[in-house]
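Student: I would like to learn how to read a few features of a structure. Please take them one at a time.

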Amino acid sequence: MTISVFDLFTVGIGPSSSHTVGPMKAARLFAESLRHNGLLDATARVRAELYGSLGATGRGHGSDKAVLLGLEGDDPQTVDVDTTDGRIAAIRASRRLRLLGVRDITLDPDTDLVFNRRVTLPVHPNGMRFTAYDETGAERCERTYYSVGGGFVVDGDAHGVDRIKPDETAVTYPFTTGVELLAWCRRTGSAISQVMLANERSWRADTAVRDGLLHLWSVMAACVQRGMHSEGVLPGGLRVVRRAPALLRRLVDDPATIDPLRALDWVSLFALAVNEENAAGGRVVTAPTNGAAGIVPAVLHYYRWFVPGADDEGTVRFLLTAGAIGLLYKENASISGAEVGCQGEVGSACSMAAGALCEVLGGTPEQVENAAEIGMEHNLGLTCDPVGGLVQVPCIERNAMAAIQAISAARMALQGDGTHVVSLDKVIKTMRDTGRDMKDKYKETARGGLAVNVVEC
């Protein structure tokens with residue numbers, strides 16, 4: 001399968017790429033399959049069942065809302081996040097929705113949205129099953145989908161034109177491992193970002209790549225701004241107060257400090273701002289997941305704010321390099337917390353940000369690979385244990401910690417020549433194997449770790 005940087009970085013809605021973005025996409029795919037097969041007008045009721053991690057923590061992650069919006073035809077990239085709460089309230093009150101915005105059907109969220117907390121479908125922990133019924137109650141169509149991380153959705157049982165097929169586009173420099181990527185860099189004398197750009201040309205022109213990546217940066221920057229200036233309490237039972245606005249005021253009110261680590265406070269602010277927006281269901285860039293959406297933007301803000309000479313071209317190189325590293329995780333392990341724990345989300349994002357920063361700070365491909373390896377090596381075994389099933393504790397702080405860790409990893413790699421004992425490929429394999437060995441209760445089920453040792457207030 002060929003993966004573009006625009007597959008790994010997408011504009012979406014919080015709080016979770018696998019539990020919100022994926023279910024919204026899957027629900028829309030199901031509705032579109034009904035229209036494609038001539039069943040839209042015959043559908044009178046739809047039932048959605050969520051399994052595994054989706055069943056266990058879906059309510060806290062907004063999976064129920066995402067399914068309803070997806071059935072109405074909304075897309076994570078374009079859905080109006082300011083109107084979603086009102087629309088969901090209307091659906092719950094009327095027990096009806098408009099399928100793809102055109103067909104009025106029955107859907108009672110209390111009975112037709114089923115969360116199977118202890119049952120998992122084959123293939124992946126994030127499984128969904130949609131069923132359409134006609135006026136007589138007869139079943140007309142059933143489909144199974146899997147949300148496999150980062151907003152990626154796999155159709156589990158469709159056929160023909162409905163099946164989601166891997167992208168088999170031929171690229172200039174094909175690679176699926178770090179060894180292959182470095183070999184292309186040595187053979188061509190190119191930086192990792194240049195190799196990735198050459199491959200992106202298989203889909204779009206250079207100007208489209210540049211414009212697309214700068215658009216992603218603009219969404220990241222807008223998300224940081226919203227998060228820094230949005231007061232209040234995050235939704236859910238934890239009553240978590242947004243901290244970014246208060247931290248911003250403290251930093252702005254004391255600009256003359258001589259603390260040499262002050263920049264790290266700003267990095268923490270950037271990450272907190274993004275992930276508080278994500279937890280509130282705001283607009284974020286999946287990078288490569290929503291639970292880890294604050295790390296790449298925070299480190300990119302560090303580059304833009306604190307590195308002399310930082311510019312748009314460096315931003316493009318940063319995101320291309322991060323995308324190349326993310327591709328390796330997607331190909332060889334997982335970016336799904338429900339599959340390998342938080343090491344696959346925060347760990348992957350930390351690795352991507354570390355390598356990307358290393359390149360724009362002048363690192364060689366070997367140093368970039370070293371930075372990416374350091375970023376993951378010290379996140380190995382990180383569990384996904386959200387308190388209350390919400391993407392808040394420890395998720396928000398964890399992004400801030402990983403962003404600072406990524407900066408440290410990049411700087412450490414730049415002090416060497418790229419030679420190191422553990423390769424990026426080996427650490428990715430180790431992450432995958434560790435995820436397989438990890439107990440399911442530590443994989444985004446809210447049945448282990450902090451999720452059961454912290455009393456909700």
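Tutor: Begin with aromatic pairs: rings of Phe, Tyr and Trp (its six-membered ring) pair if their centres lie within 6.5 Å, and planes under 30 degrees apart count as stacked, over 60 as edge-to-face and the rest as tilted. By this rule the count comes to 8 aromatic pairs. In one of them, Trp 266 and Phe 270, the ring centres are 6.1 Å apart and the planes stand at 40°, so the pair is tilted.

Student: What should I know about the model itself?

Tutor: This is a predicted model, in which local features need pLDDT of at least 70 and side-chain atom pairs count only at pLDDT 80 or more, while totals for chains, interfaces and linings use all residues. Residues are numbered from 1 along each chain as its sequence is written, and side-chain values use heavy atoms, with hydrogens and water left out.

Student: In which helix do Trp 266 and Phe 270 lie?

Tutor: Helices (H or I, at least four residues) and strands (E, at least two) are DSSP runs, numbered from the N terminus. Trp 266 and Phe 270 both belong to helix α11, 4 residues apart, about one turn of the helix.

Student: How do I read the packing of two helices?

Tutor: Two packed helices are described by the angle between their axes and the distance between the axes. Axes are lines fitted to C-alpha atoms, for helices over the stretch in contact, and angles run from 0 to 180 degrees between N-to-C directions. Helix α10 (residues 244-253) and helix α11 (residues 262-279) have axes that come within 9 Å and cross at roughly 155°.

Student: Why are α10 and α11 called roughly antiparallel?

Tutor: Angles under 35 degrees count as roughly parallel, over 145 as roughly antiparallel, 65 to 115 as roughly perpendicular and the rest as oblique. The crossing is roughly 155°, and α10 and α11 are therefore roughly antiparallel to each other.

Student: Which residues of α10 and α11 meet?

Tutor: Contact means heavy atoms within 4.5 Å. Among the residues that meet are Leu 247, Leu 248 and Leu 251 in α10 and Trp 266, Leu 269 and Leu 272 in α11. For classes, Ala, Val, Leu, Ile, Met, Phe, Trp, Tyr, Cys and Pro count as nonpolar, Asp, Glu, Lys and Arg as charged, and the others, Gly among them, as polar. The contact of α10 with α11 has 10 nonpolar, no polar and 4 charged residues.

Student: At what angle do α2 and α4 cross?

Tutor: The axes of helix α2 (residues 17-36) and helix α4 (residues 63-71) cross at roughly 30° and come within 7 Å. That makes α2 roughly parallel to α4. Their contact includes Met 24, Ala 27 and Phe 30 of α2 and Val 67, Gly 70 and Leu 71 of α4. By class it has 9 nonpolar, 4 polar and 1 charged residues.

Student: What should I look for in the backbone?

Tutor: Most residues other than glycine have a negative phi, and most peptide bonds are trans. Here a cis peptide bond joins Gly 14 and Pro 15, with omega about 10°. Pro 15 is in the loop between β1 (10-13) and α2. Another cis bond runs from Val 393 to Pro 394, with omega near 5°, and Pro 394 lies in the loop between α16 (365-377) and α17 (395-414).

Student: What is the phi of Leu 100?

Tutor: Leu 100 has a positive phi of about 55° although it is not a glycine. Leu 100 sits in the loop between β3 (96-99) and β4 (103-106).
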